[in-house]
Amino acid sequence: MHNFTDLRTKRSLICKPISAKYIREDYLVKKVSAEEVQELVKGERKVPIVLDFYATWCGPCILMAQELEMLAVEYESNVLILKIDTDDEYEFARDMQVRGLPTVYFISPNPTKDAIRTEGLIPIQMMRDIIDNEM
């Protein structure tokens, strides 16, 4: 009969565990604080702002991050895409009525237009349509 505690202590790693770091320095989409977002939204905007509310432990958020990186490459300086970590900015996420993740807000440079809010993983083409046609 095997002693299971002995088996656990003898385990070795086959490969190095992947880093759980969600935002890398070389990503185009930057993580920002609630204060930074509020300053940007209050100011005069020349381009649409896309706010991605995410959590590092959220699988769909990681998939959405990849899509947002592709959009950042496509639109370059014509759209400002930002990320807000809901664990770090819990009160801001609550105030913005974020209940499911990912939640994305599309904010037009036109202050008379309402923001468009989506919840859950949405296709990249839908995000393009919102940016191109609704902003």
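1. Strands S1 and S3 (residues 80-85) pair in the parallel sense over 2 bridges, where strands are DSSP runs of E with at least two residues, helices are DSSP runs of H or I with at least four, both numbered from the N terminus, and two strands count as paired if DSSP finds at least two bridges between them. Within this pairing, lysine 31 has lysine 83 in S3 as its bridge partner.

2. This is a predicted model, in which local features need pLDDT of at least 70 and side-chain atom pairs count only at pLDDT 80 or more, while totals for chains, interfaces and linings use all residues. Residues are numbered from 1 along each chain as its sequence is written, and side-chain values use heavy atoms, with hydrogens and water left out.

3. The pairing of S1 with S3 belongs to an open sheet of 5 strands, ordered S1-S3-S2-S4-S5, with mixed pairing. Strand S1 (30-31) and S5 stand at the edges with a single partner strand each, so one side of each has no neighbour in the sheet.

4. Strand S4 (residues 103-107) has 5 of its 5 residues buried and is therefore largely enclosed by the rest of the structure; buried means under 20% relative accessible area, exposed over 50%, and partly exposed in between, with a 1.4 Å probe and protein chains only. Thr103, Tyr105 and Ile107 point one way from S4, whereas Val104 and Phe106 point the other way.

5. S4 runs antiparallel to strand S2 (residues 49-54), to which 5 bridges join it, and it also runs antiparallel to strand S5 (residues 116-119), here with 4 bridges. Phenylalanine 106 in S4 stands opposite valine 50 and also opposite isoleucine 116 in S5.

6. Helix H3 lies across S2, S3 and S4 and runs at about 160° to S3, the axes being lines fitted to C-alpha atoms, for helices over the stretch in contact, and the angles running from 0 to 180 degrees between N-to-C directions. Leucine 71 sits in H3 (residues 59-75) and is buried, with a relative accessible area of 1%. Leaving aside residues up to four places away in sequence, leucine 71 touches Glu76, Ile81, Ile124, Met127, Arg128 and Ile131, contact meaning heavy atoms within 4.5 Å. Arginine 128 is 57 residues from leucine 71 in sequence, yet the two are 7.8 Å apart in space, C-alpha to C-alpha.

7. For the protein as a whole, there are 5 helices and 5 strands, following the pattern α-β-α-β-α-β-α-β-β-α along the sequence. Buried residues make up 40% of the 135 residues.
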